[in-house]
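Thanks for making time this morning.

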Amino acid sequence: MEDRRRFEKLVLPHLDAGYTLARWLARNATDADDVLQEACMRALKYIESLHGEQAKPWFLTIVRHAFYDWCARNRPDELAADDGSAIETAADDAGIGPEQAALARDESSALAVAIASLPLVYREVLVMRELEELSYKEIAHIAQIPIGTVMSRLARARALLQRSALLQVIGAQRREGTR
Amino acid sequence: MTCTQSKTLVAAHADGELDVLRGYAFSRHLRTCAECAAEHRGILALRARVRAQAPRYTVPDQLRARVLASVEGARDTRRPSPERGERWRWATAGAAAGVLATLLVFAGGTTIVDRRAREGLAVEAVAAHVRAQLDDRLIAIASSDQHTVKPWLSARLDYSPPVQDLPDAGFPLAGGRLDHLAGQPVAVLVYHYRLHTVDVFVRPAIGDVALSQRTLRGFNVVTETGSGMQWVAVSDASADVLGGLVERLAAGARAP
């Protein structure tokens, strides 16, 4: 009763933020639905533990955990230690759902595809910084990594995205040239 | 400020992570260092593209409704607060259950609804059993005498639960208490079976639900209907043992 009121007051305002993170982590709507539902049940269960901290990073921590648990059950390969070498093959990775494939056909969202193709550890940090607008400290707390690691992963994510953007420009120029 | 250090600082600056003093010093540096300035512009440009092209999603109405329904429908696994808001809580739970039931009927048929309802009942019964054990209030009226337990329960309920002591079957009656199930006060008979404690929730039956068994969080839950009563046994004892008990209780209660 009391818990539900607190949930409505503290968590519901961040439902979209939680959903955005879930979508970018799971990379498709159906799985993100499941992750968000599970996260909400956990948030309700542990709402008592939310005291004197920001509700948004608190809830996003739960969403992230819910995703990792879901991922361990459904896509264990994705959680394999990832040093970023996967990026070379990530573009044609089977992990990219039909939705991303559809996006890829749309040139304007080529960047969205590039983000979706980032290895999980870089993707989550980038999404938390640029879309959720969280601070290094909050990201460090949510992802349970030191701030230095947040910074290095973020730098790597940006470098990868800039490179993929550059490749697209070159690709477009080549297509122009052969025309 | 050397530019090898600045690589990280450029990002920290672009991310608004530098304090006022260092931020000020760094923006001066950007004016004189073409390399850092280009890096800085690159990050800002990328951010602008990310925010323009990578969607921030909005929870679809359907999903929001599902989340709200499951939040409303969630039974507290912790101790309830029956002293206030109880009616409202059950009213909303009822509404949520109604929504859920409608969806399920759409999805598949009444068998699913029955199964779901039983599942909810089992979850509640286990929660109540665990709560009572944790709070050490399993037994409010301790007696193996059915003529003591029955009036105690009847006086506190709007029905009179059949009470039997079954020592010969291995189930000596230890006592009873009141608890809550599906929003209603319910009689609980507490039996011992060897070293196990068995809770049997007894309430007027709604329809004739056949014997069913479930395992939740390591507890077995066995449900039976008999003589207008529904019997829900919860224990860490085996399902077979519980089945034997509820069948006996349901059958015994049929006899005059």
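**Where chain A meets chain B**

What you see here is a predicted model, and in it 30 residues of chain A are in contact with 28 residues of chain B. On the side of chain A that touches chain B, at least two residues each come from helix H1 (2-11), helix H2 (15-26), helix H3 (29-45), helix H7 (110-117), helix H8 (120-131) and helix H10 (147-178) of chain A.

Let me now move to chain B itself, which has eight helices and seven strands, and in which 30% of the 256 residues count as buried. Its seven strands form an open, antiparallel sheet, and the order across that sheet is E1-E2-E3-E4-E7-E6-E5. Strand E1 (141-142) and strand E5 (212-216) of chain B each have a single partner strand, and therefore one side of each has no neighbour in the sheet.

At the E1 end, two bridges join E1(B) to E2(B) in an antiparallel arrangement, and B:Ile141 has B:Gly176 of E2(B) as its bridge partner. Helix H7 (residues 146-156) of chain B lies across E1, E2 and strand E3 (184-193) of chain B, at about 15 degrees to E2(B).

Strand E2 (residues 173-181) of chain B also holds B:His180. Why does B:His180 count as partly exposed? Because B:His180 has 19 C-beta neighbours inside 10 Å, whereas a buried residue needs 20 or more. Finally, the C-alpha atom of B:His180 is 7.4 Å from that of B:Ala128, although 52 residues separate the two along the chain.

Notes:
Residues numbered from 1 in each chain as written. Chains lettered and ligands numbered in written order. Predicted model: local features only at pLDDT ≥ 70, side-chain atom pairs only at ≥ 80, totals over all residues. Helix = DSSP H or I, 4+ residues; strand = E, 2+ residues; numbered from the N terminus. Buried ≥ 20, exposed ≤ 12 C-beta atoms within 10 Å, placed from the backbone. Contact = placed C-beta atoms within 7 Å. Pairing = 2+ DSSP bridges. Axes fitted to C-alpha atoms, helices over the stretch in contact; angles between N-to-C directions.
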